[in-house]
Protein chains: 2
Amino acid sequence: MQTLTVDLGARSYPIHVGAGLIGRAELILPHLPMPRVAIVTNSTVGPLYLDTLRAALEDAGVSVLPIVVPDGEQYKNAETLGHIYDALLAARMERKGTLIALGGGVIGDLTGFAAATYLRGVPFIQVPTTLLAQVDSSVGGKTGINHPLGKNMIGAFYQPRLVLADTDTLDTLPDRELSAGLAEVIKYGLIRDAAFFAWLEENMERLLARDGEALTFAILRSCRNKAEVVAADEREGGLRAILNLGHTFGHAIEAGLGYGVWLHGEAVAAGMVLAADLSRRLGWLTVAEVERVRRLVRRARLPDRAPDLGLPRYQALMGLDKKVEGGRVRFVLLKRLGEAVVTADVPEALAAATIEENVASV
Amino acid sequence: MQTLTVDLGARSYPIHVGAGLIGRAELILPHLPMPRVAIVTNSTVGPLYLDTLRAALEDAGVSVLPIVVPDGEQYKNAETLGHIYDALLAARMERKGTLIALGGGVIGDLTGFAAATYLRGVPFIQVPTTLLAQVDSSVGGKTGINHPLGKNMIGAFYQPRLVLADTDTLDTLPDRELSAGLAEVIKYGLIRDAAFFAWLEENMERLLARDGEALTFAILRSCRNKAEVVAADEREGGLRAILNLGHTFGHAIEAGLGYGVWLHGEAVAAGMVLAADLSRRLGWLTVAEVERVRRLVRRARLPDRAPDLGLPRYQALMGLDKKVEGGRVRFVLLKRLGEAVVTADVPEALAAATIEENVASV
């Protein structure tokens with residue numbers, strides 16, 4: 001097991017990464033104000049890992065309330081959140097009871113937002129079981145739900161007390177979800193870690209083969225990159241926006257297709273290629289560099305083109321993005337491989353050409 | 001106009017108290033990151049003050065989105081919150097747009113929670129128009145909504161950028177709501193300000209007659225008391241719990257009768273008398289002191305007895321209280337007039353006797 005600390009002053013917390021962590025209650029116990037938890041999981045992950053986590057905690061004298069919700073991005077909404085509140089209140093969960101998220105990003109976002117708002121805030125622990133959640137959504141404190149008019153529109157910044165990333169859980173992860181997680185891994189290389197990008201070019205096949213050593217390295221390196229950015233800018237005032245590379249396009253793809261048609265990581269992957277291509281049009285990347293990005297994305301078995309929704313639809317969807325300021329869309333782009341910038345100074349024609357020349361029928 | 005600052009470090013904010021403040025946009029402008037606001041109000045307060053506030057802001061170049069919700073505690077729920085989100089999203093309100101709460105405690109709590117969670121948090125300003133909201137709910141950062149299983153069960157701690165308490169708004173306040181606000185005013189005297197309690201015994205008739213000078217003094221003194229407590233304990237770890245004097249019983253009364261039958265302040269008033277009587281049973285207050293409390297509550301035209309719901313119902317309702325810890329009910333009681341303590345060390349029989357001997361049919 002290796003440990004990384006996210007430095008947020010009084011709200012600092014550890015991320016443990018390694019094999020077999022779910023069964024180790026002693027890693028969780030120091031973070032519980034009282035021996036009572038609710039484990040929120042879904043109908044896919046629950047059958048795989050809930051019993052192990054639950055038994056470990058109960059053997060240590062912790063009272064456990066399991067809350068199982070349906071699996072899928074389409075359930076990351078106010079209704080499912082309401083079911084979680086109902087279960088907590090019916091069980092009279094108290095203020096010092098802890099909510100544990102056992103699952104992927106959807107479970108983490110939902111459970112984190114429930115923890116942020118139940119009784120005005122209760123302790124929260126993340127046990128991410130997908131690569132995407134381990135390298136991205138369990139680090140940084142973003143929680144929330146979707147709204148029919150946009151993704152993650154309702155939420156809170158709320159930090160966990162602990163993140164437990166058990167690499168064994170990746171053994172049961174579908175190939176498609178492994179690839180979706182790799183999209184965010186590639187992102188860290190692109191935005192601030194050129195050496196890591198080069199390492200990924202060397203080691204992509206090992207990651208796809210689920211080589212434990214390679215995965216552990218990639219998870220830790222990703223978490224460290226994200227933790228450094230988050231520590232410098234907890235509430236997304238500035239720097240943190242670079243973590244959204246590929247997300248302006250990506251959110252439009254997800255919303256345009258309907259949530260759940262493409263995985264979040266798939267949409268981000270295509271979005272990163274578009275961002276790289278737009279960066280080239282601004283004179284920042286070379287054609288060869290854009291091709292390196294496109295090639296690595298493809299090798300990770302991820303889409304390098306956006307679905308053809310038509311340009312007007314993309315423009316409308318991107319106008320609703322949270323990163324809009326004063327009516328102009330702010331893009332996260334690449335000054336070079338390994339250095340991102342945020343800019344609203346993008347000619348509309350270049351953004352339009354980027355979309356039109358990087359779409360494909362799906 | 002007088003100003004008090006709530007000292008919360010980077011989240012410190014001013015409370016302005018005085019006449020005619022709603023029309024003074026220059027008090028609000030310095031707190032807006034961009035000239036765009038949504039004013040959330042209700043169908044009772046809106047017709048009285050929305051035009052004044054809106055015109056003042058629009059004359060100063062601020063774009064204003066009015067959101068009018070139904071009036072009443074029964075609308076402080078997930079559905080109304082959803083309507084606010086819908087309106088904000090439909091208008092594409094951005095992250096630097098500010099939410100202004102124009103109304104009483106329900107509007108403040110709802111709007112504050114919407115501000116805490118819309119796009120993971122947007123700026124928030126309180127313009128409280130009831131005495132209760134001016135002395136209590138607009139100070140301290142508690143926001144939230146009710147759940148069928150309990151009051152304020154879902155919420156967040158979220159501080160406003162500014163509180164604008166316009167005393168002119170009290171001219172249109174119904175007598176019953178003025179009294180409800182006085183319950184919280186009396187509370188500050190009881191929990192930490194014996195001199196203020198004595199002042200209230202001298203000046204209750206001036207307050208009921210809406211004497212401007214007396215009201216301004218009482219509002220400022222109340223806000224200062226609350227601000228000092230909140231500054232010392234922003235997230236309700238310890239000291240802040242004394243602000244809940246009367247609320248353990250009071251919440252049970254409100255929930256037991258159904259929200260909206262008694263006003264919050266009325267329930268708190270009866271709850272404070274019960275807390276005083278329970279304090280006497282523990283040997284802390286004299287019979288004469290309990291009578292001083294009861295008499296002042298009555299002079300403020302507030303109930304000094306709880307509705308007769310039956311003891312078992314009270315016990316069940318109080319078990320769900322957020323202040324419960326490890327299964328025991330924690331009470332806020334009085335060591336003397338002007339000094340509150342929080343304790344879970346109350347024999348059940350004394351609490352039961354307090355309820356049984358202080359109920360009346362309603």
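In the hairpin formed by strand 11 and strand 12 of chain B, with two residues between the strands, G338(B) adopts a positive phi near 105 degrees. These strands, residues 331-336 and 339-343 of chain B, run antiparallel and are joined by five bridges, and F331(B) stands opposite T343(B) of strand 12. Strands here are DSSP E runs of at least two residues and helices are H or I runs of at least four, numbered from the N terminus, while two strands pair if DSSP finds at least two bridges between them. The model is predicted, with local features requiring pLDDT of at least 70 and side-chain atom pairs counting only at pLDDT 80 or more, whereas totals for chains, interfaces and linings use all residues. Residues are numbered from 1 along each chain as its sequence is written, chains are lettered from A and ligands numbered from 1 in the order in which they are written, and side-chain values use heavy atoms, with hydrogens and water left out.

Positive phi values also occur in chain B at R92(B), about 55 degrees, in the loop between helix 3 (78-90) and strand 5 (98-103), and at L119(B), about 50 degrees, in the loop between helix 4 (105-117) and strand 6 (124-128). R92(B) is partly exposed, at 40% relative accessible area, whereas L119(B) is buried, at 3% (buried, under 20%; exposed, over 50%; partly exposed, in between; 1.4 Å probe, protein chains only).

In chain A, an open sheet of seven strands has the order 1-2-9-6-5-3-4 with mixed pairing. Strand 1 (2-6) and strand 4 (63-69) of chain A stand at its edges, each with a single partner strand, so one side of each lacks a neighbour in the sheet.
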